[in-house]
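Here is a friendly tour of some strand pairing and aromatic contacts. Have a look at the model first, then read on.

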Amino acid sequence: MKRPALVLALVLASSLCFGQEVPNPFTAQNTRPRTGVFTTITSGAAAFLFSLMAPVQKMLNESLASMTRALKGSRSLGGLLLVAALALAYGIFHAAGPGHGKTIVSSFLLANEGKIRQSFIIGYLVAAVHALSALTVVLVLYYLIRGIFATGVEQANHYIQLVTFAVITLIGAVMLVRRSMGKAHSHAHHHEHAGPDDAQGPEAGLTMKSLLGIALPAGVIPCPGAVAVVLFALSLHMLAVSILAVSSISLGMGTTISATGAVVILVKRGAIRAVAGAHEERDMKIRRVVEIAGAAILFLFGLVFFLAQL
Amino acid sequence: MRARGAALVVVFGTVAVVAALAHPHVFINNKMTVLFDGGKLKGMTFRWAFDDMFSEMILTDFKPNVDGNFSAKQIATIKGGAFDNLENYHYFLAFFIGKKPLRKIRIEQFTPSVVEGSKLIYSFFVPLDLPVTADEQTVRVTVYDDTYFVAFDLMHADDVVVKGDEGVSVGLSIEKTKVKPLWPGQYMPDNLVIRFKESS
């Protein structure tokens with residue numbers, strides 16, 4: 001009975017390793033992303049749809065730019081709404097690509113017993129932090145530091161990533177130790193608990209504190225898409241529009257990340273049920289394997305990217 | 001057993017959906033010039049027109065002169081800050097001379113400029129120096145970023161111009177790449193195929 005569970009864990013693990021953010025090839029300094037088996041599989045799956053999606057994204061990118069430019073002359077309500085709508089779509093598509101945010105959120109939800117509702121809280125939180133961080137970095141670099149912008153973004157990114165991945169590694173390590181030592185929560189999927197699930201104790205789902213604890217590091221690396229959009233609006237001296245755009249992008253990204261989180265929870269539940277059936281004991285075992293795998297992914301993902309930043 | 005199978009299908013489905021949508025950040029329209037001179041295929045010029053947002057990012061740091069050109073000092077800084085790293089990406093170019101891949105790509109005359117007030121252009125020359133012979137030779141070139149950060153527009157026949165081809169018979173075509181895909185359905189961008197020989 002162990003084998004299917006292991007296969008399942010491996011498949012889930014590999015699916016999550018898809019989330020790999022690549023640096024800007026133009027402004028990065030003497031690097032290129034390491035390509036390995038996982039990236040090969042990723043690009044394999046992604047490649048075909050990439051060829052279909054790239055023109056759509058180019059169109060979104062271009063219309064967002066030209067609409068923003070058009071707003072400079074006349075600040076009509078219709079124009080503002082159009083920019084917001086385009087930015088929303090941009091955010092939805094933007095977050096759909098491989099990225100560290102979804103990887104962290106997904107492995108976290110694998111390692112913990114989360115509720116669908118919570119995947120939405122976490123998704124929108126990550127997206128909000130992701131966009132806010134982009135806005136902050138751009139504003140600070142643009143108005144305060146005024147060095148070479150592209151290099152500034154790269155440097156800011158480097159330090160933020162160093163701290164972020166250290167934190168992620170730590171969270172992953174703590175979770176891994178807890179799960180492997182069997183200090184896992186008793187699973188409570190059959191019998192729903194009464195009361196709010198962010199009350200107390202792990203049985204009641206995830207606490208708000210732990211959701212925030214993972215959303216902050218998962219989102220704090222500034223979103224490169226939002227950086228580009230904010231900078232573009234700022235260069236046209238449209239601070240308010242850049243804030244509008246970044247909020248819409250964040251809403252769009254949150255939708256995608258939440259949906260991914262919800263799918264992870266559903267797949268985890270469905271897979272455990274399918275493999276274990278009604279066997280309580282087997283259910284426990286498989287759940288434990290999946291949760292240890294989730295924690296292991298989080299830990300390894302953090303570690304690999306932390307080391308890459310050194 | 002059936003339930004288990006179904007579970008695996010669901011998992012693989014999720015994998016596909018999660019992995020499916022890659023996100024490019026930079027969009028480039030690529031135009032090429034094939035240059036012949038003195039009985040040789042001298043090389044190719046590439047002209048990359050960037051999208052507005054990436055253009056703005058570079059132009060935030062470097063303001064060109066009124067005529068849209070940069071000073072020599074600015075060019076050197078842009079090259080160091082936002083071009084040279086592409087060496088690690090093989091400049092997004094895959095050349096095949098006959099069947100032989102071009103391992104090292106040299107770049108000459110890197111020139112950034114700005115058109116229409118806000119559109120950033122990079123142009124550069126890749127020397128090939130292949131003597132034109134009586135036998136037909138073939139050069140294939142593909143432009144793409146395998147990390148999917150950059151999306152190049154698909155190649156069209158009118159993206160290519162031939163210059164200095166007196167005494168040379170040149171055939172251009174755009175074909176599916178001959179490189180074997182590494183996996184089924186791999187996205188393989190089109191090839192520009194240049195066939196050339198002495199004209200009789």
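Strand β1 (residues 26–37) of chain B is joined by 10 bridges to strand β2 (residues 40–50) of chain B, and the two run antiparallel. Here strands are DSSP runs (E, at least two residues) and helices are H or I runs of at least four, numbered from the N terminus; two strands pair if DSSP finds at least two bridges between them. Across this pairing, I28(B) faces F50(B) in β2(B). The hairpin has two residues between its strands, and G38(B) adopts a positive phi near 60° there.

β1(B) also has parallel partners. Three bridges link it with strand β8 (residues 150–152) of chain B, where V26(B) is partnered with V150(B). Four bridges link β1(B) with strand β9 (residues 160–163) of chain B, and M32(B) has V160(B) as its bridge partner.

## Aromatic pairs

Rings of Phe, Tyr and Trp (its six-membered ring) pair if their centres lie within 6.5 Å; planes under 30 degrees apart are stacked, over 60 edge-to-face, the rest tilted. That gives 15 aromatic pairs over all chains. One of them is the tilted pair F83(B) and F124(B), at 5.4 Å centre to centre with 50° between the planes. Both residues are buried (under 20% relative accessible area; exposed is over 50%, partly exposed in between; 1.4 Å probe, protein chains only).

## About the model

This is a predicted model, in which local features need pLDDT of at least 70 and side-chain atom pairs 80 or more, while totals for chains, interfaces and linings use all residues. Residues are numbered from 1 along each chain as its sequence is written, chains are lettered from A and ligands numbered from 1 in the order written, and side-chain values use heavy atoms, leaving out hydrogens and water.
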